[in-house]
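User: I am new to this structure and would like to understand the words used to describe it. Please go through them with me one at a time.

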Amino acid sequence: MKLKLVRRIWLGGMIAAGVLFVLGCVMELAVYVQIAFGVYFVDTGFYLRFWRCPHCGKSLGRLAKVNYCPYCGEELDM
């Protein structure tokens, strides 16, 4: 999977979780807060699974804009 797509999906999930959490707090609906935590944990699992170098397969660590893999030195499609 392309790293640009992984970043967009991850960011979309985090935004959705944030919006659901705020709505749950403002409207005092616990179900929205529970769904927000579910989205957050699924999105974090997605990030850990797919935020990897497409060449060597090692994790790229934090979501920083990197141009090269810190392990193999190959250029990334960012």
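User: In which segment is Lys58 found?

Analyst: Lys58 is found in the segment after α2, where helices are DSSP runs of H or I with at least four residues, strands are runs of E with at least two, and both are numbered from the N terminus. This is a predicted model, in which local features need pLDDT of at least 70 and side-chain atom pairs count only at pLDDT 80 or more, while totals for chains, interfaces and linings use all residues. Residues are numbered from 1 along each chain as its sequence is written, and side-chain values use heavy atoms, with hydrogens and water left out.

User: How many helices and strands are there in the protein chain?

Analyst: The protein chain has 2 helices and 0 strands; helix α1 covers residues 3-27, and helix α2 covers residues 30-50.

User: Why does Lys58 count as partly exposed?

Analyst: Buried means under 20% relative accessible area, exposed means over 50%, and partly exposed is in between, with a 1.4 Å probe and protein chains only. Lys58 has 44% relative accessibility, and therefore counts as partly exposed.

User: What does Lys58 touch, not counting residues up to four places away in sequence?

Analyst: With that exclusion, Lys58 touches Arg52, Cys53 and Tyr71, a contact being heavy atoms within 4.5 Å. The C-alpha atoms of Lys58 and Leu29, by comparison, are separated by 40 Å, and these two residues are 29 apart along the chain.

User: Why does Ala17 count as buried?

Analyst: Ala17, which lies in helix α1, counts as buried because its relative accessibility is 7%. Leaving aside residues up to four places away in sequence, Ala17 touches Ala36, Val39 and Tyr40. The C-alpha atoms of Ala17 and Asp43 are separated by 9.0 Å, although the two residues are 26 apart along the chain.

User: How do you know that Asp43 has no salt bridge?

Analyst: A salt bridge is a side-chain nitrogen of Lys or Arg within 4 Å of a carboxyl oxygen of Asp or Glu. For Asp43, which is buried, the nearest side chain of opposite charge is Arg7, at 12 Å, where Lys and Arg count as positive and Asp and Glu as negative, with His and the chain ends not counted. Asp43, in helix α2, does touch Ile9, Trp10, Gly13 and Met14, again not counting residues up to four places away in sequence.

User: What makes the phi of Glu28 worth a remark?

Analyst: Most residues other than glycine have a negative phi. Glu28 is not a glycine, yet has a positive phi of about 55°. Glu28 lies in the loop between α1 and α2 and, at 70% relative accessibility, counts as exposed.

User: How does the radius of gyration of the protein chain compare with that of a compact globule?

Analyst: The protein chain has 15 Å, whereas a compact globule of 78 residues would have a value near 12 Å; the radius is taken over C-alpha atoms, and the globule rule is 2.2 Å times the number of residues to the power 0.38. The C-alpha atoms fill a box of roughly 50 × 15 × 15 Å along the principal axes.
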